[in-house]
Structures are given as C-alpha cells and as structure tokens.
Amino acid sequence: MDLDNFKNVNDTYGHLTGDKVLKNVAEYVNTHLRHYDQVFRYGGEEFVLLLPNSTPESAKGVLDRLRQGIKRQSVKTDNDFDLHVSASFGVAELLTDVSVDVSIEHADKALYKAKEAGRNKVLVWQSGGSVG
C-alpha cells in the first residue's frame, strides 16, 4: 500500500500534518483488518499488509474496502482544512516456491501499475507477470 501523492501533503501542509495523515491511515487500516492480519511500515508512506489465509481475489476485496474507507477519512490541518488522501495497492500471493522478497517485488510492480492507471486502485500480480 502506498499513499497517493503523499509528497504533496508534506510539501503543502508540512511534515507534522504528514505524520498525522500516516497515523490516521495506519489506525484505520489496523482497526479494519482481522485480528491476525499484520501491517508493517515499509518506507516513507508505504506499508506491507500481510493477510494470511486469503486468496488474491479475497485480498483484493478487503483492500478495495480499505481503499474506499481511507478516501473517506480526513485529517484536520493547522488551518482547519479537512485533508483527504487516497491509497494504491498491489497484491501478490506468498507462494512456497517463491521468496518473500520476490513476492514483495511482485506486489510492488502491481502497485506501480495501479499508480500508472490513475491511483486509488487495487491491482493483483498474476502468475506470468501480468497485472489485473
């Protein structure tokens, strides 16, 4: 998961507001997943979500609901403006014959395709390298 256009949030509203946005999104995601799902911060505004016992299709459904909910959330800026953000997601299945690093790379490629396709989307890495 990557927050869309997050650099603009920091550049326009400052890093303190950016931090509030990150905390808000992380709290929303944590409260809307199953108790055994896990969320890891993976970079500036990137997160890895681990959804055990999920198929790529069921994960896509969960992430679509999260994506819609994140878009509805708002954070108050210092000048009392309601700031809304969106997120893009890439999904890849963890397979026994593929390393975790390769699976994360696949999810990352699907994420970048989601961003190229207009952001605020969930795309799934398909075996053979296609994204859908």
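What follows is a short tour of the helix packing, a hairpin and a sheet. Keep in mind that this is a predicted model.

**Helices packing on helices**

- Two packed helices are described by the angle between their axes and the distance between the axes.
- Start with helix α1 (residues 6-13) and α2: their axes come within 7 Å and cross at roughly 140°. That angle makes α1 oblique to α2.
- On the α1 side of this contact you'll find Phe6, Val9, Asn10 and Tyr13, and they meet His15, Thr17, Gly18, Val21 and Leu22 of α2. Sorted by class, the contact of α1 with α2 has five nonpolar and four polar residues, with no charged ones.
- Now take helix α2 (residues 15-31) with helix α3 (residues 56-72): here the axes come within 10 Å, and the crossing is roughly 140°. So α2 and α3 are oblique to each other, and α2 passes α3 in a right-handed crossing.
- Val25, Tyr28 and Val29 make the contact from α2, while α3 brings in Arg65, Leu66, Gly69, Ile70 and Arg72. The residues of the contact of α2 with α3 split into five nonpolar, one polar and two charged.

**The β2-β3 hairpin**

- Strand β2 (residues 38-41) and β3 run antiparallel and are joined by four bridges. Together β2 and β3 form a hairpin, with five residues between them.
- To find your place in the pairing, look for Val39, which stands opposite Leu49 in β3.
- In a regular strand the side chains alternate between the two faces of the sheet.

- Strands of a sheet pair through backbone hydrogen bonds, either parallel or antiparallel.
- This open sheet has three strands in the order β1-β6-β7, and its pairing is mixed. At the edges stand β1 (2-3) and β7 (122-124), each with a single partner strand, so one side of each has no neighbour in the sheet.
- Over two bridges, β1 pairs with strand β6 (residues 87-91) in the antiparallel sense. Asp2 stands opposite Ser88 in β6.
- Lying across β1, β6 and β7 is helix α4 (residues 100-116), which runs at about 140° to β6.

Definitions and conventions. Residues numbered from 1 in each chain as written. Predicted model: local features only at pLDDT ≥ 70, side-chain atom pairs only at ≥ 80, totals over all residues. Heavy atoms only, no water. Axes fitted to C-alpha atoms, helices over the stretch in contact; angles between N-to-C directions. Parallel < 35°, antiparallel > 145°, perpendicular 65-115°, else oblique. Left-handed = near helix turned anticlockwise from the far one by under 90°. Contact = heavy atoms within 4.5 Å. Nonpolar A, V, L, I, M, F, W, Y, C, P; charged D, E, K, R; others polar. Pairing = 2+ DSSP bridges.
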